[in-house]
Amino acid sequence: MSMQYASGAVGNVTVNGVKLWDDILETARFGGTPKGGIKRLALTEEDRQVRDWFVRTCEALGCTVSHDSMGNQFARRPGTEDTLPPITMGSHLDTQPTGGKFDGIVGVLGGLAVLRALQETGRETRHPIELINWTNEEGSRFSPAMLSSGVFAGVFTEQEALDTKDREGVRLGDVLEGIGYRGAEVCGAHPVAAYFELHIEQGPILEVEHKTIGIVTGVQGMRWYEVTLTGRDSHAGSTPMRLRADALVTAARMIEAVQTIALEHGPDAVGTVGLIENRPNSRNVVPGEVFFTVDFRDPDDSIVQKMEDAFYAQASELAEKAGLTLEIARVWDTPAVQFDPECVASVTRAADTLGYPARRIVSGAGHDATYMAQVAPTAMIFVPCAGGLSHNEEESAEPDDVTAGANVLLRAVLETDMRL
């Protein structure tokens, strides 16, 4: 059934911003750090605690809550035509090891605020409305990022994901079972009519331009690599400089090359080395092996490919010159994504109607919406974060901006419910 959008049809229902902010502060207790951030890695005890809170809170709003075979949680508010596939909202509740209170969390709790507004006003929708908490979005414990939404979209097999191990050798499937969140529904079998994700920008553009809402048109392409450079452990005092096979020195040159390559490939290109393991990591041993990660991103997939080619060439040359063994594995590749024009238009109209300063923007970070765009019509909404800072315990956002984002989410969901 298709319905023509009318400007007054969505109504004046709005979210409770005070309660939304209270939810942000309350969930920050699960894995809260002394510096005011959150350490809530996927499938840890802290993750189990916040998942249990999610269930209790959504059920108190009259929703039914389920979880699938990858632990993705679905809170469902029925529609008047309840056999229709749901209009969904979502993000994640897991964090980085030194994460903040807003990355991902705003999307889940903003969606919760939408459910609360619908419940408290008695507003009916044709479609069921669902809120999703995705498992292991961050990829900080189990790599790659967005792992469970990737399984949902068919990018990864479920068995691949369940067999993924963290840096301590712990298998994802085992800890998923251990915290009691492996469900019977096969991941990906859950129907979805459309998907919206609210998120902090994780960059400085909205704040600098004094915009309240980012209308996200897509996500840039990104690739992750794991690099292992092997030389020879030897005594730091008795091995002459000319006879060393020092893996760390050459790794340092490769890391510098990552930065140089990104700078040489245009204003939007970025390259990052975020994880390094030096072995044996002893003060009086010449390092014999170094493991590090590389992250290349750009809105243009061809630029990402050029950066990859340049890094492979330069890393190989550096390793050969030093007499070291080099292994590079590309472990994650997500091409650039364009979001659904109609869903993006719904976000635009919502921001215009509510009078929020807004601009179109491409996401520099990956999100579960990246994979959901392969499953259903998808769009994202950004709100500013202080200084563009994210993946940091000092991550911060203003209550009014978070509330504004949730109100845009609410209107976009209601319009889409009428349109589809």
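This is a predicted model: local features need pLDDT of at least 70, side-chain atom pairs count only at pLDDT 80 or more; totals for chains, interfaces and linings use all residues.
# Exercises on helix packing and salt bridges

In this structure, helix α10 passes helix α12 in a right-handed crossing.

**Exercise 1.** Find how the axes of α10 and α12 are placed, and decide which angle class the pair belongs to.

*Solution.* Step one is to locate the helices: α10 covers residues 341-354 and α12 covers residues 399-419. Next, look at the axes, which come within 8 Å and cross at roughly 130°. Angles of 65 to 115 degrees count as roughly perpendicular and those over 145 as roughly antiparallel.

**Exercise 2.** List the residues through which α10 and α12 touch, then sort them by class.

*Solution.* Start with α10, which contributes E342, C343, S346, V347, R349, A350, A351, T353 and L354. From α12 come N407, V408, R411, A412, E415, T416 and R419. Sorted by class, the contact holds seven nonpolar, four polar and five charged residues.

**Exercise 3.** Are R51 and D47, which meet in a salt bridge, buried or exposed?

*Solution.* First, the pairing: the side chains of R51 and D47 meet at 3.3 Å, N to O. Second, the place: both residues lie in helix α2 (residues 45-60), four residues apart, about one turn of the helix. Third, the accessibility: buried means under 20% relative accessible area. R51 has 1% and therefore counts as buried. D47, at 2%, counts as buried too.

**Exercise 4.** Work out which parts of the chain the salt bridge between R126 and E81 ties together.

*Solution.* Begin with the distance, which is 3.2 Å from N to O between the side chains of R126 and E81. Now place each residue: R126 lies in the loop between α3 (105-121) and β4 (129-134), and E81 in the loop between β2 (73-77) and β3 (87-92). The pair therefore ties together parts that are 45 residues apart in sequence. As for accessibility, R126 is buried at 9%, whereas E81 is partly exposed at 32%.

Notes: Residues are numbered from 1 along each chain as its sequence is written. Side-chain values use heavy atoms; hydrogens and water are left out. A salt bridge is a side-chain nitrogen of Lys or Arg within 4 Å of a carboxyl oxygen of Asp or Glu. Helices (H or I, at least four residues) and strands (E, at least two) are DSSP runs, numbered from the N terminus. Buried means under 20% relative accessible area, exposed over 50%, partly exposed in between (1.4 Å probe, protein chains only). Axes are lines fitted to C-alpha atoms, for helices over the stretch in contact, and angles run from 0 to 180 degrees between N-to-C directions. Angles under 35 degrees count as roughly parallel, over 145 as roughly antiparallel, 65 to 115 as roughly perpendicular and the rest as oblique. A crossing is left-handed if the near helix is turned anticlockwise from the far one by less than a right angle, and right-handed if clockwise. Contact means heavy atoms within 4.5 Å. Ala, Val, Leu, Ile, Met, Phe, Trp, Tyr, Cys and Pro count as nonpolar, Asp, Glu, Lys and Arg as charged, and the others, Gly among them, as polar.
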